[in-house]
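Subject: Structure handover

Hi,

Here is the structure for you to look over. My notes on what turned up follow below it.

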Amino acid sequence: MKALKFALVAALLATPAAALPPLSQNAHVNERLTSARIADRIRTECSSISARMVYAYQQARALKRYAEGLGYSSAQIDAFLDSRTEKDRIYAAAESYLNQQGARRGDSESFCRVGRDEISRNTYAGSFLNAR
């Protein structure tokens, strides 16, 4: 019996851990990054809304800790965040959301309306913003 347990433990230790799915498939990570991009677009387009930069930094650190807790290495996280393909995908998702909410390129007030709505609804994107 001891030999069987030993063999089982040895086999488990010798088996590589299951590969993690790409971070691009993690809904929590993608939703957070998309929301951060939404907030960034709002604050750059609307002069009456500013960013809560310290909070944004804290949330970025928390998201990195979350990914590390799932087993992703710093190198994997950095590669994901540095990927032009992933940035383009997240930026496109943010633009799509903003368009659906009524934000229009060249119309700063439309971004202000969306920003005020995000703040009032207490969304994650709204938590990055401060109406002046």
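From the N terminus on, the elements of the protein chain run α-α-β-α-α-α-α-α-β. That comes to 7 helices and 2 strands. Helices (H or I, at least four residues) and strands (E, at least two) are DSSP runs, numbered from the N terminus.

Some ground rules. This is a predicted model, where local features need pLDDT of at least 70 and side-chain atom pairs count only at pLDDT 80 or more, while totals for chains, interfaces and linings use all residues. Residues are numbered from 1 along each chain as its sequence is written, and side-chain values use heavy atoms, with hydrogens and water left out.

Overall picture

The protein chain has 132 residues, of which 31% count as buried. Buried means under 20% relative accessible area, exposed over 50%, and partly exposed in between (1.4 Å probe, protein chains only). Take the contacts between residues at least 6 apart in sequence: 70% of them join residues at least 24 apart. Contact means heavy atoms within 4.5 Å.

Helix α2 and its partners

Start with helix α2 (residues 27-45) and helix α3 (residues 53-69). They pack at an angle of about 165°, with axes 11 Å apart. Axes are lines fitted to C-alpha atoms, for helices over the stretch in contact, and angles run from 0 to 180 degrees between N-to-C directions. α2 and α3 are therefore roughly antiparallel. The cut-offs: under 35 degrees is roughly parallel, over 145 roughly antiparallel, 65 to 115 roughly perpendicular, and the rest oblique.

α2 passes α3 in a left-handed crossing. A crossing is left-handed if the near helix is turned anticlockwise from the far one by less than a right angle, and right-handed if clockwise. On the α2 side, the contact uses His 28, Val 29, Arg 32 and Leu 33; on the α3 side, Gln 59, Leu 63 and Tyr 66. By class, the contact of α2 with α3 has 4 nonpolar, 2 polar and 1 charged residues. Ala, Val, Leu, Ile, Met, Phe, Trp, Tyr, Cys and Pro count as nonpolar, Asp, Glu, Lys and Arg as charged, and the others, Gly among them, as polar.

Next, α2 and α5. Their packing angle is about 60°, with axes 9 Å apart. That makes α2 oblique to α5. This crossing of α2 and α5 is right-handed. α2 brings Asn 30, Leu 33, Thr 34, Arg 37, Ile 38, Arg 41 and Ile 42 to meet residues of α5, including Arg 89, Tyr 91, Glu 95 and Leu 98. The contact of α2 with α5 counts 9 nonpolar, 2 polar and 4 charged residues.

At 30% relative accessibility, Ala 36 counts as partly exposed. The C-alpha atoms of Ala 36 and Ser 127 are separated by 9.3 Å, although 91 residues apart along the chain.

α3 against α4

The axes of α3 and helix α4 (residues 74-82) come within 10 Å and cross at roughly 125°. α3 and α4 are therefore oblique to each other. Their crossing is right-handed. Lys 64, Ala 67 and Glu 68 of α3 make the contact with Ser 74, Ile 77 and Asp 78 of α4. The residues of this contact of α3 with α4 divide into 2 nonpolar, 1 polar and 3 charged.

Helix α6 and what follows

Helix α6 (residues 108-120) has 13 residues. From first C-alpha to last, α6 reaches 18 Å, close to the 18 Å expected at 1.5 Å a residue. The expected span is 1.5 Å times one less than the number of residues.

Ser 110, Phe 111, Cys 112, Val 114, Gly 115 and Glu 118 are buried in α6. The buried residues of α6 pack against α2, β1 (49-51), α5 (84-100), α7 (124-127) and β2 (129-131).

Ser 47 lies in the loop between α2 and β1. Ser 47 is exposed, with a relative accessible area of 65%.

One backbone point to check. Most residues other than glycine have a negative phi. Asn 122 has a positive phi of about 60° although it is not a glycine. Asn 122 lies in the loop between α6 and α7, and is exposed at 71% relative accessible area.

Best wishes
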